[in-house]
Amino acid sequence: MSVVRYLTHPQVNIDPAIPVPSWGLSEIGRTRTKAIGSTRQLARTTQIICSGERKAIETAEIIAARLNVTVEVREAMHENDRSATGFLVPDEFQAVADQFFAQPHISVRGWERAVDAQSRVVRELEEVLARDEPGDVLFVGHGGVGTLLYCYYSGVAIDRVYDQPGGGGCFFAFTKECRRVQHSWRPLEDL
């Protein structure tokens with residue numbers, strides 16, 4: 001049975017002067033990613049698909065180089081669109097993120113609605129999985145839409161209670177054939 005893993009990028013360099021989609025991995029994020037690239041659990045991975053955001057691409061490329069797998073970038077796998085507010089200081093960001101998950105049918109402060117972001121990323125994953133290529137698949141993306149995916153494949157309502165632990169660099173897995181979630185968020189070090 002093939003496994004699909006969704007991995008969120010780990011720690012990034014936060015710079016309010018740079019658009020969030022252009023943020024890259026921090027040294028901690030790079031170090032964490034390099035430590036997992038050749039693990040046995042990823043040995044059957046034949047496809048690595050990532051968001052077009054820099055931090056996701058950097059994470060995917062580090063892993064792909066170790067596995068000798070090509071990276072496919074899918075622009076529509078990006079994080080929920082938060083461009084209406086731009087950078088928010090951490091406390092304010094967390095408050096708005098709480099609202100985003102609590103009111104999934106409403107655009108909070110101009111952000112993409114959670115239900116729309118969920119539909120978009122589910123569509124992207126399902127288009128890739130419909131190819132029915134052999135082997136495991138690793139998707140590399142973001143915490144917000146990753147939580148929306150987790151909720152969808154787990155069959156639960158959108159709720160931040162299902163969010164990954166802080167800091168990023170977590171993954172969950174489900175079976176490719178029947179889309180059954182195997183486990184909730186785990187740190188990438190468990191790969």
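Reader: Where is S26 found?

Author: S26 is found in the loop between β1 and α1. Helices (H or I, at least four residues) and strands (E, at least two) are DSSP runs, numbered from the N terminus. The model is a predicted one, in which local features need pLDDT of at least 70 and side-chain atom pairs count only at pLDDT 80 or more, while totals for chains, interfaces and linings use all residues. Residues are numbered from 1 along each chain as its sequence is written, and side-chain values use heavy atoms, with hydrogens and water left out.

Reader: Is S26 buried or exposed?

Author: Buried means under 20% relative accessible area, exposed over 50%, and partly exposed in between (1.4 Å probe, protein chains only). S26 has a relative accessible area of 9%, so it is buried.

Reader: What is S26 in contact with?

Author: Contact means heavy atoms within 4.5 Å. Leaving aside neighbours within four places in sequence, S26 is in contact with Q11, V12 and N13.

Reader: How many helices and strands does the chain have?

Author: There are 5 helices and 6 strands. Read from the N terminus on, the elements run β-α-β-α-β-α-α-β-α-β-β.

Reader: What span is expected of helix α2, and what does it reach?

Author: The expected span of a helix is 1.5 Å times one less than its number of residues. Helix α2, residues 54-67, has 14 residues and reaches 20 Å from its first C-alpha to its last, close to the 20 Å expected. For helix α5, residues 143-154, the 12 residues should span 16 Å, and the end C-alpha atoms are 16 Å apart, which agrees.

Reader: Which residues of α2 are buried?

Author: An α-helix has 3.6 residues a turn, so residues three or four places apart point the same way. In α2 the buried residues are K55, A56, E58, T59, A60, I62, I63, A64 and L67. They pack against β1 (3-8), α1 (27-34), β2 (45-50), β3 (71-73) and β4 (136-141).

Reader: How many residues of α5 are buried?

Author: 10 of the 12 are buried, so α5 is largely enclosed by the rest of the structure. The buried residues are G143, G144, V145, G146, T147, L148, L149, Y150, C151 and Y153. Their cover includes β1, α3 (90-102), α4 (114-129), β5 and β6.

Reader: Where is R180 found, and what does R180 touch?

Author: R180 is found in the loop between β5 and β6 and, at 56% relative accessibility, counts as exposed. Not counting residues up to four places away in sequence, R180 touches A173, F174 and T175. R180 and N80 are 100 residues apart along the chain, and their C-alpha atoms are separated by 24 Å.

Reader: What is I48 in contact with?

Author: I48 is in strand β2, and at 0% relative accessibility I48 counts as buried. Leaving aside neighbours within four places in sequence, the contacts of I48 include A60, I63, A64 and L67. Also among them are V69, T70, V71, E72, L138 and V140.

Reader: What radius of gyration does the chain have?

Author: The radius of gyration is taken over C-alpha atoms, and the globule rule is 2.2 Å times the number of residues to the power 0.38. With 191 residues, a compact globule would have a radius of gyration near 16 Å, and the chain has 16 Å, which agrees. The C-alpha atoms fill a box of roughly 40 × 35 × 25 Å along the principal axes. Buried residues make up 50% of the 191 residues. Of the contacts with a separation of 6 or more, 67% are between residues 24 or more positions apart.
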